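Good morning, everyone, and thank you for letting me take a few minutes of the meeting. Please have a look at the model first, and then I will go through it piece by piece.

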Amino acid sequence: MPIDECELVIVHTVPLGQEIRIKERVQREISPVVSCEVTSSLSGRHLYNKLVFLCCKHFDLCSTTVTGIPMKEEQNASSSANYDVELLHPAAAHDDLFKNEHAEGLVIPSKEGLPIETAPLKWCTPKSNVVELHQCSAAYRICPVDVNSRPSSCLTNFLINGRAVMLEQPRKSGAKVISHMLAAHGGEIFIHSLPTSRSILEDPPSISEGCGGRVTDYRITAFGEFMKENRLVPASPAMLERYGNRKPYLYALDQLEKSSRFWPMVISDTVLFNIQDINPLPQLLLKDSMTDEEVLDCKKVILKVVGMESKNDPLPVPAAGSRGKGPKREEQYRQLWAEMEALIRSYSDTSEGHAMVLECLLRCKKPGDDPVTLAKKTPGKKEDKSGSTAEVEQSWKDLDRFQQMTEREKQDALLGEKSLDAPPPKKLKSEELLMRSGGQTLLSMWNNRLKTIESKRSHEFDGRLDSDGDKARLYIHLDENR
Amino acid sequence: MPTVIALDVSLSMSRPVVLSDIPEEYQRRHLAVHGINTYLDYLSANYKLEFVSLVAFSYLYEQLSTFTRDYNVIRTALNKVEVFSKTCIETALNGIKHVISDEWSHTPCQVILITDGSLGIGVGSLKKSLETINMRQSVEEKFPLPFPFPCKLHIVCIGNPNDPDVRNALPYYQRLIDVGDQGGEIFTLDGAISFKSVEDTFNRLAEKYYNPFCGNLTCGNFSCAIQLFPKPELFIRHLDDGKVTYTVSDKLEILGFLDIKDIGSPPTVARHLVLPRSTKEKTDAKDKDGKNVKSEDDDDSQDDGKTPSFTVLLHGSLRVESMVAITKVCDDWYGMIYSWADSKKKSNLMLALFDPGQDSIPWTGSFDNLTSCKEYSSEDEEKKSSFPVKPLDKRSYAQSCVVWIKPSGLQSDIQKVLRHARKLPEKIHQFYKELNRTRRAALSFGFHILLDAMASMLERECTLLPGTAHPNAALQLTHAANFLRSDNAFDVMQSVTPLPTNFSSGNTG
């Protein structure tokens, strides 16, 4: 290793009681790279003090004394006394303290008898175990001056066990100024500097005053789950080996991209994520590949929705939302199907299994349904593949028009729902609106509907799934056995 | 970034200005006040969280308004400005330094100094100040620049650019900015002095130094237009061989999430509010010329409130789950987004920037090395490699090293041996462990006489044993004392082991 610069410090030391006969010399340059200094000290404690002093100078350290640490007496555990512990740390941790012009009285001579000054800061007993996020401008490692004395190890153990201690500046005015915090991370203790001056971010506007601040039905809990699924962790050595040259964080980004392909932000914007029956479909889709069993689970969910629709089961949709009050049940199913398609389509190219799920969905979906995409509400980019934007716009407009109907019209529509078998003529008006969206006549729509209900009444014969046409061969393995 | 407006109120500012199109007579200070109002209008529209203070100066200075976001206070103060004696810029700078350090300590600030090109006369003139800059003796006399806090110094000169006084003054102003050494700019009027040219100049300054930072926050496929306040500054790191500059890019990318307990309270270099930006704003801005747009603006802001925004969703979940979002702001520079509340009621989304670089937080490890928790196949496997990232070496306070700096240190180690000695044979293993530890430390310090002293102590303990003591205790004490007196005791590689006795299996096993 080439040496750019060298400071040679010669410490002359003599046993206690003897006379130091060597004259000290201040630092002087011997050559452009070497400077030399001679200093002397008595042995024992004096030598130790000298060395600490030289360390502080060389590494630019300074001292803090934590005062008033309450500690049980060693002999008498029922009473407690206050102790002080002196710490060394990089001087920069006190930058803020001394920048202030009222710094007088903030330093006192070292309590451990070191030839340096120390800043006494008062211990504040932590009130709770909860780890809070403190605003902090710097963090530096510390070391107690007397490493293993009882007060020191009491303090260090307290910190290493996960508690954080706030430190308060002594102020004559009585104002409470907390300027530092001691906390351990990974077995190392740090002194954190906390800003004490006025912040320009004081009195910030509330988030509710800004864009989107008045929407009240965000999917907060679901996004909480999303965040937990996208938690970051350090990559293990084994993982690094597997990754090769690709950086670990890129895998986190992949995961983030994947899990956010279809994610409505607001409860009232989604039917899909409000119904329990949809599980475990969204979770299974996130997988890189699916087993036959998992594909079957996905298909089961789709078939379950088919069943629900044919029975006209009510869907749990919150009454009040930004899009107006309670859309018709039929509309809800349309949205549900559209959402399911968007969701499944956004993962369809992940694996063969995913593609099979999409295929299943497309088969089960009512043929009359528009290939509605929900681009408007979701961050996804992949679902744009299906349907042109014009169609999307049109269908949304229709939906909006439906919602703009007068209360009476809506009630009529809802009443109509209850007696599906004999739709009263009143229903026509709203029905007409819906019809236009599909570009179908009433007759074709009705026929389609009957057809779907018909086709879903019985479970599809499994043998037919693999067959070419409508006919399925029976006993296909019969010949093999011969 | 708080701003101090320093307005020259010397007599020269009351010189009349001849305006071709307006019959009334105006003075320079009126134009200056008009300029400041233009600037305040810009802030109200685009940068309303800025704190502004007004300082008037001539031979003396006076803070007319403390730092405030209520710009009407400043407008009112401007109306009451009177005219005093001669220009003295050094006084103004001293005043500004005082006003800022009292309030903000080390926060980056900006100063807009408004004057008319007259440098002042005599001792307090800028010419004299700059000539004597290196001759100041005492601390009190020291020239106020460079400021002890980060601060840009802008100088606006209200005067015809062709005016010989103005042309003469510009090099001195530049010198002032150079001495300040923290950036800033001279703003002169484009064309002859008029309300319009003053207005344009202040707008130019505001648009350059107070334009809001607009960017996009992404999180996977989520994307949201945002604004950061205050506007992020460049981060310049000085290295041995040159400097590296880091700039916050307009694409802020969330990498993933961490629990607050895992991130600790990491050191940060700057904090910015993350405010969602209306996507409609751009089209509005174009229409702003017409005044009738205003009512539509109100409608829009209401609509904005009802359009779901990713930032609000993120904020809500971060707060509920006590998590932060690790965000990449440019190559090798990271920050965390979290829910922050000034008071209990109003909370908002905050971006705190770490020190640039991969390893700015020792306990999370390098940012590039973070990956999705889904990459681990099981929870157990994940736990093995989770936070905090532990350093390779153990700190001296985290292990039981022997420290005999003060007599108390030695004393407590010896006492520990004796405490165990008194509880023999139950504490036989602890006794020999402590004995060996102390002996090894004594040997490595060259403290050989301690061995003999310890032997004597153990022998004394042996004689003090009560009659009820186990016979094995006396055997072990004698054995240990004998060893300490033997030659083997001086060999660091050797250690003293319990004496095998017939009792030992019964008592310790």
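I will start with the sheet, go on to the barrel and the contact between the chains, and end with some helices.

A word of caution comes first: this is a predicted model, in which local features need pLDDT of at least 70 and side-chain atom pairs count only at pLDDT 80 or more, while totals for chains, interfaces and linings use all residues. Residues are numbered from 1 along each chain as its sequence is written, and chains are lettered from A and ligands numbered from 1 in the order in which they are written.

In chain B, 6 strands form an open sheet with mixed pairing, in the order β5-β4-β1-β6-β7-β8. Strands here are DSSP runs of E with at least two residues, helices are runs of H or I with at least four, and both are numbered from the N terminus; two strands pair if DSSP finds at least two bridges between them. Which strands stand at the edges? They are β5 (61-68) and β8 (186-188) of chain B, and because each has a single partner strand, one side of each is left without a neighbour in the sheet. Inside the sheet, β1 (residues 3-8) and β4 (residues 52-57) of chain B run parallel and are joined by 6 bridges, and Asp8(B) has Phe57(B) as its bridge partner in β4(B). Helix α2 (residues 71-79) of chain B packs on this sheet and touches β4 and β5 of chain B, its direction making about 160° with that of β5(B); such angles run from 0 to 180 degrees between N-to-C directions, with axes fitted to C-alpha atoms, for helices over the stretch in contact. From the record, UniProt places the feature "domain: VWFA" (unreviewed entry) at residues 3-117 of chain B, although annotations of this kind may be inferred rather than shown by experiment.

Let us turn to the barrel. In chain B, a closed barrel of 7 strands with mixed pairing runs β9-β10-β14-β17-β16-β15-β13, and the twist averages 40° from one strand to the next. Strands β13 (residues 251-259) and β15 (residues 323-330) of chain B run antiparallel and are joined by 6 bridges, with Gly256(B) standing opposite Ile326(B) in β15(B).

How many residues of chain B are in contact with chain A? There are 84, and they meet 78 residues of chain A, where contact means that the C-beta atoms, placed from the backbone, lie within 7 Å. The most is given to this side of chain B by α10(B), with 9 residues. Strands also pair between the chains: β13 (residues 232-234) of chain A and β18 (residues 370-372) of chain B are antiparallel over 3 bridges, and Val233(A) has Thr371(B) as its bridge partner in β18(B).

Finally, the helices. The axes of α12 (residues 407-422) and α13 (residues 428-445) of chain B come within 8 Å and cross at roughly 155°, and these two helices are therefore roughly antiparallel to each other, a term used for angles over 145 degrees. By contrast, the axes of α12(B) and α14 (residues 449-463) of chain B come within 11 Å and cross at roughly 30°, so α12(B) and α14(B) are roughly parallel, which is the term for angles under 35 degrees.

Definitions and conventions:
Contact = placed C-beta atoms within 7 Å. Parallel < 35°, antiparallel > 145°, perpendicular 65-115°, else oblique.
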